[in-house]
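This tour is intended for a reader who has the structure open in a viewer. Please follow the stops in order and select each item as it is named.

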Amino acid sequence: MIFKKMTAAVLTAAMLAGLPAVAKEIEQVGRQTYLESLKDKRVIFIPLSQGMDLNQAWTAVWQRHADRYGFEFQVRDPNMDTAAGIRALQGAIADKPDVLIVQNPDIQTYARALKQAQQAGIKILQINMQSITQTDSYVGNDWIEMGRLEGGELARTCLAPDAPSKKIVWLAGVQTGAANIYMRKGLDEILAENPELELVSDQPADYDSEKARQITETVLQQHPDLCGIMGIWDNAEVGAGAAVLAAGKQDQVTIVTNGAGAHTACDSIDKGLLDVVYNFNAPIQAEIAAQQISEFMQHPDRPAGSEKTVFFGPITRVDASNATGRNCWTIDQLK
């Protein structure tokens, strides 16, 4: 036992002898290079609108990273005005930030400007909504998978023996938007696999809860035995839920949608306005995007557009059984 203790003491002394004598000489490998690569850099974000919960989550996370590591972060909000968005993009190209983050209103509107930004040497990350122009990185949803998840949910519900009918509704968003186009492809695959399903309405609600409510009211009048509704954004589908509740059909019609994971979606589930929300968790998306931003800054030698990457974030199915905790974040928790 004494020999073992002596041996351990000798080994410990040998290890300590190899360490620097002064604490200030200790440096974590790569840390200083990382800090220097981010300090004083500039990042500009052009969203659809900062009025959306997912945008607020992204910016809260990115601002926290900017404050921590010393880079400048700006938001240039066009507030759902595509002409203002194009002007914001052109202004960003002139300012030449180190990284440009873009949330596209549709697949085409910003395509030309994104090419111009890449040609100007600006590295571009597209967040959650893609353009037909592929840039350095896309972080967001696999929207075809999302369409399959929501369509599959209704297939299981409305093809069950006790279903009120096989009739379902697709409450679209903006029909030229990437999310809408790709979700519809996923839904079409489910419809092809389940030909008994009957799609009785396919109308755009344009992310507007009042429009979703009006569409749903009309469909319920035409199809009182409606079984299910799938949509593209939880904040809009609460309008559909309100129409279903007003008609007294909350136990008949299943409402499935997706969202950023904010507490408002959990509240809507608790109130019976929504049944299932496929949560893509905007804070996690933002952290993944932050990693991409830091990688761009650590490799200034890589030309803009020389590498093109895609990262699809995780998706969680949320219903009344798990509409709590991390599935229901608030902005204050992210700051």
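**First stop: two crossing helices**

Helices α2 and α11 are roughly perpendicular to each other, a label given to angles of 65 to 115 degrees, while angles under 35 degrees count as roughly parallel, those over 145 as roughly antiparallel and the rest as oblique. To see this, select residues 31-38 for α2 and residues 282-298 for α11; their axes come within 8 Å and cross at roughly 95°. An axis here is a line fitted to C-alpha atoms, for helices over the stretch in contact, and the angle runs from 0 to 180 degrees between N-to-C directions. Helices (H or I, at least four residues) and strands (E, at least two) are DSSP runs, numbered from the N terminus.

Next, show the side chains where the two helices touch. Y34, S37 and L38 of α2 meet S294, M297 and Q298 of α11, where a contact means heavy atoms within 4.5 Å. This contact has 3 nonpolar, 3 polar and no charged residues. In this scheme Ala, Val, Leu, Ile, Met, Phe, Trp, Tyr, Cys and Pro count as nonpolar, Asp, Glu, Lys and Arg as charged, and the others, Gly among them, as polar.

**Second stop: the whole model**

Zoom out before going further. This is a predicted model, in which local features need pLDDT of at least 70 and side-chain atom pairs count only at pLDDT 80 or more, whereas totals for chains, interfaces and linings use all residues. Residues are numbered from 1 along each chain as its sequence is written, and side-chain values use heavy atoms, with hydrogens and water left out.

Colour the model by pLDDT, the predictor's confidence in each residue, from 0 to 100. The average for the protein is 93, and 93% of the residues score at least 70. Where pLDDT is low, the predicted coordinates should not be read in detail.

With a cartoon display, 12 helices and 12 strands can be traced. The C-alpha trace spans about 80 × 65 × 35 Å along its principal axes. Of the 335 residues, 49% are buried; buried means under 20% relative accessible area, exposed over 50%, and partly exposed in between (1.4 Å probe, protein chains only). Among contacts with a separation of 6 or more, 74% join residues 24 or more positions apart.

Which helix packs against α4 at an angle of about 5°? Select helix α5, residues 111-119; its axis and that of α4 are 10 Å apart. The two helices are therefore roughly parallel to each other. At their contact, L89, Q90 and I93 in α4 meet A113, L114, Q116 and A117 in α5. These residues divide into 5 nonpolar, 2 polar and no charged.

Select D77, in the loop between β2 (72-75) and α4 (82-95). D77 counts as partly exposed because its relative accessibility is 37%. Leaving aside residues up to four places away in sequence, D77 touches P47, L48, S49 and Q50.

Then move to K96, in the loop between α4 and β3 (99-102). K96 is partly exposed, with a relative accessible area of 49%. Its phi is near 50°, a positive value in a residue other than glycine. Most residues other than glycine have a negative phi.

Is N180 buried or exposed? Select N180 in helix α7 (residues 178-193); at 5% relative accessibility, this residue counts as buried. Beyond four places in sequence, N180 touches W170, A172, G173, V174, Q175 and I232.

Select Q203 next, in strand β7 (residues 198-204). Q203 is partly exposed, at 35% relative accessibility. With the same exclusion of residues up to four places away, Q203 touches W170, L171, A172, I215 and V219.

Finish at D206, in the loop between β7 and α8 (209-222). D206 has a positive phi, near 55°, and is not a glycine. With 36% relative accessibility, D206 counts as partly exposed.
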